[in-house]
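Hi there,

Here is the structure I promised to pass along. Have a look at it first, and then read on for my notes.

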Amino acid sequence: MDPVKVGVLGLGTVGGGTVNVLQRNAEEIARRAGRGIVVSHAAARDLNKPRICDTSGIQLTTDPVDVVNDPDIAIVIELIGGDKLAYELVMKAIENGKHIVTANKALIAKHGNEIFSAAQDRGVIVAFEAAVAGGIPVIKAIREGLAGNQIEWLAGIINGTGNFILTEMRDKGRDFDDVLKEAQALGYAEADPTFDVEGIDAAHKLTILASIAFGIPLQFDAAYTEGITRITREDVTYAEELGYRIKHLGVTRRTDRGVELRVHPTLIPERRLIANVDGVMNAVLVKGDAVGPTLYYGAGAGDEPTASAVVADVVDVVRVLTSDPENRVPHLAFQPDSLSDLPILTMSEVETSYYLRMQAKDEPGVLADVTRILGDKGISIEAIIQKEPADDSSEAVVILLTHEVLEQQMDEAIEQIEALATISGHVTRIRMERLDAS
Ligand code: NDP
Ligand code: HSE
């Protein structure tokens, strides 16, 4: 059988890695797919730029539409990024009857409902394993491996850049901006790195995971997003003194009232495996009612780890090229006419525990005022530590861990605490997740 010809949009970190893996492992990939797979056409902005891959034998263009319209191509691999041009190219490719493989989480989280519907109508596949957690096949695991379960919740470190920054800051005391520059040089960061450090990229990925886990439409706009830029070295140290690590987590949980969908820095007990996932590595903990907790771990970014997921999708597409479109694995795991309308909860409706840090005047009665406010709101305290004022200061640092409470109660308590004359500045609040099997 003739090899399947594929077109690649973008020859940067992931595009270059994908060409390398497809070329290096061509023989083994053909044995798995049942046919050879050849990159025959590719697009990039600047054809004179040095590439990490060998492009000889590939027709190159600066106009990605050439690739999308190439009649010889069966699969378009979209690795340009962004959600405007990529959206137009993917929709055009679908209209042209091409199967799509993409690593673009922004595209899927924001336009996936429409893209999947168009693909369904046209009878083509849209595969996006590389869009979540880099090289970890977590979409396949949830969509296929856990298909017998009711997924109760999942929580993940799903941004490699952010985890790399937090790890380097903690382990080596490095400066935030300095580590971010290194992550960019290594090809981990998004074109706009605020997507990584403000949690937008993680929210894109979490949106996708929640849909696949719970069978709900993609609802990126309903995700709560908080980044890591306000985490201080002191918070990291205090958390460790209390037996916790701070990780930037995406958490989604099915409750009786709706679905939690949130990305924020989170204290996790240090004994949990996920608390020890460092550097660019990602991990996703998925709790199913039948299987219990399961953990998926691997590189969350980088050229070849991501290419691993891209190429696996290409192999899947090649394997099913001849199968009945109605019987393929559905894009969001559930059949399109069986998606549920479970609401996404606002943050004020979410229940978690908290780490609170505040600057307090070193006077009698201050702690009593704080604990009274928390008590009045029904918030019980798990631990308190007070750090004596530094020599040049009259203010002590107070750190509290609380038990679970509705976020609205905590918002009101924090407002009252910040209004106390004995408390200066804002209260730092970091949510906590125990991530145990219950
Ligand atoms: P890069 O910036 O490294 O690569 C983007 C590529 O797209 C470049 O080759 C660029 O060309 C090309 N390109 C951009 N605009 C155009 C255009 N108008 N016409 C033609 N070519 C264009 O990005 P990444 O490889 O890092 O990311 C690609 C996608 O993969 C993104 O969606 C990203 O979110 C996702 N992703 C990235 C991961 C990573 O580790 N980097 C991991 C998982 C997903 P040129 O090189 O000439 O500038
Ligand atoms: N910028 C992303 C990250 C790439 O750092 O996780 C992988 O999706």
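Below are some notes on a ligand site and a sheet.

Please keep in mind that this is a predicted model.

Let me start with ligand 2. Its surroundings are made up of K105, N159, G160, T161, Y188, A189, E190, D196, D201, K205, G300 and A301. By residue class, this shell has five charged, four polar and three nonpolar members.

- K105 places a polar side-chain atom 2.5 Å from an oxygen atom of ligand 2.
- G160 takes part through its backbone, with an N or O atom 2.7 Å from an oxygen atom of ligand 2.
- K205 has a side-chain N or O atom that lies 2.7 Å from an oxygen atom of ligand 2.

How much of the surface of ligand 2 does the protein bury? On its own the ligand exposes 260 Å², and 94% of that is buried by the protein. Two elements, α7 (160–172) and α10 (200–214), each give two or more residues to the shell around ligand 2.

Now for the sheet. Six strands form an open sheet in the order β3-β2-β1-β4-β5-β6, and their pairing is parallel. At the edges are β3 (59–61) and β6 (126–127), each of which pairs on one side only. The partner of β6 is β5 (residues 99–102), and these two strands run parallel and are joined by two bridges. If you want to find this pairing in the model, look for V101, whose bridge partner in β6 is A127.

Definitions and conventions: Residues numbered from 1 in each chain as written. Chains lettered and ligands numbered in written order. Predicted model: local features only at pLDDT ≥ 70, side-chain atom pairs only at ≥ 80, totals over all residues. Heavy atoms only, no water. Near = heavy atom within 4 Å. Polar contact = N/O pair within 3.5 Å; in protein donor to acceptor, adjacent residues only side chain to side chain. Areas by Shrake-Rupley, 256 points an atom, 1.4 Å probe, with all protein chains shown as cover. Helix = DSSP H or I, 4+ residues; strand = E, 2+ residues; numbered from the N terminus. Nonpolar A, V, L, I, M, F, W, Y, C, P; charged D, E, K, R; others polar. Pairing = 2+ DSSP bridges.
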